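Biologist: Before we start, could you take me through this structure step by step, as I am new to it?

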Amino acid sequence: MDTDKFDLKFILAERLESGCGGPGGITGGIEYAADLFEETTGRWLADGLLALLRAVVEQPDTPIGAVELADRPAPDRSAPAH
């Protein structure tokens, strides 16, 4: 039986350069309790993290609390939960 301590978690790992000289970087994913979160919410959270990381890279002198993410619409909650 697979159990987890968290209802939601981001998994990030460094991707090293390939033997062919390909780019390194970070790869990642999101795991969540399907009985608590809908897929659209998981995608919205992952997209928000990507937006935050992009902003930090593009504007490294901006304090993280000043990064503007408020223009992202929240996921549609009108559909019935499963």
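Modeller: What follows is a set of questions and answers about this predicted model.

Biologist: In which order do the elements of the chain run from the N terminus on?

Modeller: The predicted chain has one helix and two strands. Strand β1 covers residues 8-15, strand β2 covers residues 25-32, and helix α1 covers residues 39-58. Read from the N terminus on, the order is therefore β-β-α.

Biologist: Is Ile30 buried, partly exposed or exposed?

Modeller: Ile30 lies in strand β2, and, leaving aside neighbours within four places in sequence, its contacts include Leu8, Phe10, Leu45 and Ala46. The C-alpha atoms of Ile30 and Leu8, which are 22 residues apart along the chain, are separated by 7.4 Å. Buried would require a value under 20% and exposed a value over 50%. At 24% relative accessibility, Ile30 is therefore partly exposed.

Biologist: Which salt bridge ties together parts that are 22 residues apart in sequence?

Modeller: A search of the whole structure finds two salt bridges. In one of them the side chains of Lys9 and Glu31 meet at 3.6 Å, N to O, with Lys9 at 27% relative accessibility and Glu31 at 42%.

Biologist: About how many helical turns separate Glu39 and Arg43?

Modeller: The side chains of Glu39 and Arg43 meet in a salt bridge at 2.7 Å, N to O. Glu39 is partly exposed, with a relative accessible area of 47%, whereas Arg43 is exposed, at 54%. Because Glu39 and Arg43 are four residues apart in helix α1, the separation is about one helical turn.

Biologist: Is the pair of Tyr32 and Phe37 stacked, tilted or edge-to-face?

Modeller: The structure holds one aromatic pair, in which the ring centres of Tyr32 and Phe37 lie 6.4 Å apart and their planes stand at 80 degrees. Tyr32 is partly exposed at 29%, and Phe37 also counts as partly exposed, at 22%. Planes over 60 degrees apart count as edge-to-face, so the arrangement of Tyr32 and Phe37 is edge-to-face.

Methods
Residues are numbered from 1 along each chain as its sequence is written. This is a predicted model: local features need pLDDT of at least 70, side-chain atom pairs count only at pLDDT 80 or more; totals for chains, interfaces and linings use all residues. Side-chain values use heavy atoms; hydrogens and water are left out. Rings of Phe, Tyr and Trp (its six-membered ring) pair if their centres lie within 6.5 Å; planes under 30 degrees apart count as stacked, over 60 as edge-to-face and the rest as tilted. Buried means under 20% relative accessible area, exposed over 50%, partly exposed in between (1.4 Å probe, protein chains only). Contact means heavy atoms within 4.5 Å. A salt bridge is a side-chain nitrogen of Lys or Arg within 4 Å of a carboxyl oxygen of Asp or Glu.
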